[in-house]
Amino acid sequence: MRIQMRAAGLTQLVGASVIALSAAAPSAMAGGFDIQQQSTVFMGSSSAGNAAGGSIGSMFWNPAATAQYSGLNTESSYILVLPSGDVHVNSPTVFGRDSGEIGIDAVTSSSYGTYQFSKDLWLGMAINAPFGLATKPSDTTYAGSVLGQTTKLTTVNANPTIAYRIAPGITIGAGIQIEWARAKLRFDEVGGGFGNAQFKGDDWAFGATAGIMLEPARGTTIGLGYRSRMSHDFDGNLDQPIVGRASAVGSIDLPDIVTLSLRQEITPTMRLLGSVQWSNWSRFEQLTLTSPGLAPIGGALVVPANWNDGWMFAIGGEYDYSPFLTLRTGVSYEISPADSPEKRMTNIPDADRVWLSVGASYQWSDSITVDVAYSHIFVADESFSRSPASPFAIDQGPITGTIEGSADLLSVGLRTRW
């Protein structure tokens, strides 16, 4: 009977997790192009406390959070992202039309499941879209089109985890990452819309997660989590107006991410939340595209990035308004890895940003909790200075200008204890 119950629990866990596959979409709204919004609960606190538990969605940042609750638990979140952005070209060397809106509305999602196998052992499964990007100028022939037109990156990441309580107040966790990704890059090879080139490709990559959860005193939880670096070599095709179609490989390096969080009880109904996150974006030195179709320029096209590491600092709080209703809020500040005009890309726009968030959870029944959250992201206006991606472009001098952006995010989630 015990074995049958465990098998049924695993079936429900996997079934709840794969829900995320149906709604994974590109939608980068964090420093670089990683997707910070992986749980409605933690979106409501601007990611404060995200590696220190509070919901099983915390296992995205810290696999030790798999061991929070007894029995079988699931959580799913769905987030609508409404970005807004414009690229303004002021370079004296080009005709200065602007991009118009470059943001693309998107929905992203995440699902989690955990199951306690014994007194000190838990297994879990998470399915997420950890990285993503989608930009396209309203005017695809504007002055910056040689720097990039449509750019899309979609990822789906399966992350089975295991957590073990090695002593009272000390839990460790680990997991593996199995990630599928698809990329699309379209740019004007010549300028003025006379020669658009496009690359499409997909790839699989593998990585790991690890973490620890400490409870040094009653009401205090400290979580430290790690997600490993991964690299994608997208196999696909490059379509060019003159050469035609040729096989191609696009390469990109994704960062290690370390998150340290605190969850501190202030009163029986109030908790202080905090997080610091480091992202190893200095790995992202360039985008590389190799293809026989690029033989006239040595077989490869290299777009330099040379980003720095990124940082996020978040603080927030939770308040139990009643036994059934919990309110939360938070603010976070992200330091962009693109810290100069030469590193800032018009098709991967990034700058320092501030998150302001509110959220709530309502316990519908003993087994069901409904979560909602809203965030507004203020993105700093920054300048760029980039050379065309293709050496065939008419104007080879740097194109300069400014990038403006902001975003609104709405999220709903469901947590269930089976």
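This is a short tour of a predicted model, stop by stop.

Before you start, note that residues are numbered from 1 along each chain as its sequence is written, and that side-chain values use heavy atoms, with hydrogens and water left out. Because the model is predicted, local features need pLDDT of at least 70 and side-chain atom pairs count only at pLDDT 80 or more, while totals for chains, interfaces and linings use all residues.

**Stop 1: the largest pocket**

Select Gly54, Gln68, Tyr69, Arg263 and Arg417. Of the 45 residues that line the largest pocket, these lie nearest its centre. The volume of this pocket is about 1,000 Å³. On a 1 Å grid over the protein atoms alone, a pocket is an open set of points with protein on both sides within 12 Å along at least five of seven lines; a cavity is a set where a 1.4 Å probe fits but cannot get out; lining residues have an atom within 4 Å of a point. Grid points are joined across faces, edges and corners, and a volume is the space filled by probe spheres set on the points.

Now colour the lining by class. It has 13 nonpolar, 19 polar and 13 charged residues. Here Ala, Val, Leu, Ile, Met, Phe, Trp, Tyr, Cys and Pro count as nonpolar, Asp, Glu, Lys and Arg as charged, and the others, Gly among them, as polar.

**Stop 2: the second largest cavity**

How many cavities of 30 Å³ or more are there? The count comes to 7. Strands (E, at least two residues) and helices (H or I, at least four) are DSSP runs, numbered from the N terminus. By class, the lining of this cavity divides into 13 nonpolar, 4 polar and 2 charged residues.

Stay with S5, which covers residues 151-167, and select Asn157 in it. Is Asn157 buried or exposed? Asn157 counts as buried, at 0% relative accessibility. Buried means under 20% relative accessible area, exposed over 50%, and partly exposed in between (1.4 Å probe, protein chains only). Show the side chain of Gln177 too: a polar contact of 2.9 Å joins it to the side chain of Asn157. A polar contact is a pair of N or O atoms within 3.5 Å; within protein, one must be able to donate a hydrogen and the other to accept it, and residues adjacent in sequence count only if both atoms are side-chain atoms.

**Stop 3: from H2 into S1**

Select Ser46 and Ser47. Ser46 lies in the loop between helix H2 (40-43) and strand S1 (72-89), and Ser47 lies in that loop as well. Most residues other than glycine have a negative phi. Ser46 has a positive phi of about 55°, and Ser47 one of about 75°. Ser46 is buried at 1% relative accessible area; Ser47 is buried at 5%.

Move on to Asn73, in strand S1. Asn73 is buried, with a relative accessible area of 2%. A polar atom of its side chain lies 3.0 Å from the backbone oxygen of Ser70.

**Stop 4: aromatic rings**

The whole structure holds 12 aromatic pairs. Rings of Phe, Tyr and Trp (its six-membered ring) pair if their centres lie within 6.5 Å; planes under 30 degrees apart count as stacked, over 60 as edge-to-face and the rest as tilted. Select Tyr362 and Trp364. Their ring centres are 6.3 Å apart and their planes stand at 80°, so the pair is edge-to-face. Tyr362 is partly exposed at 39%, whereas Trp364 is exposed at 63%.

Next, select Phe33, Phe131, Trp281, Phe284 and Trp307, which ring pairs link into a cluster.

**Stop 5: two long-range neighbours**

Select Ser365, in the loop between strand S17 (353-363) and strand S18 (368-386). Ser365 is partly exposed at 26% relative accessibility. Its C-alpha atom is 8.7 Å from that of Phe324, 41 residues away along the chain.

Finish at Trp311, in strand S15 (residues 310-320). Trp311 counts as partly exposed, at 36%. Trp311 and Ser279 are 32 residues apart in sequence, with 6.3 Å between their C-alpha atoms.
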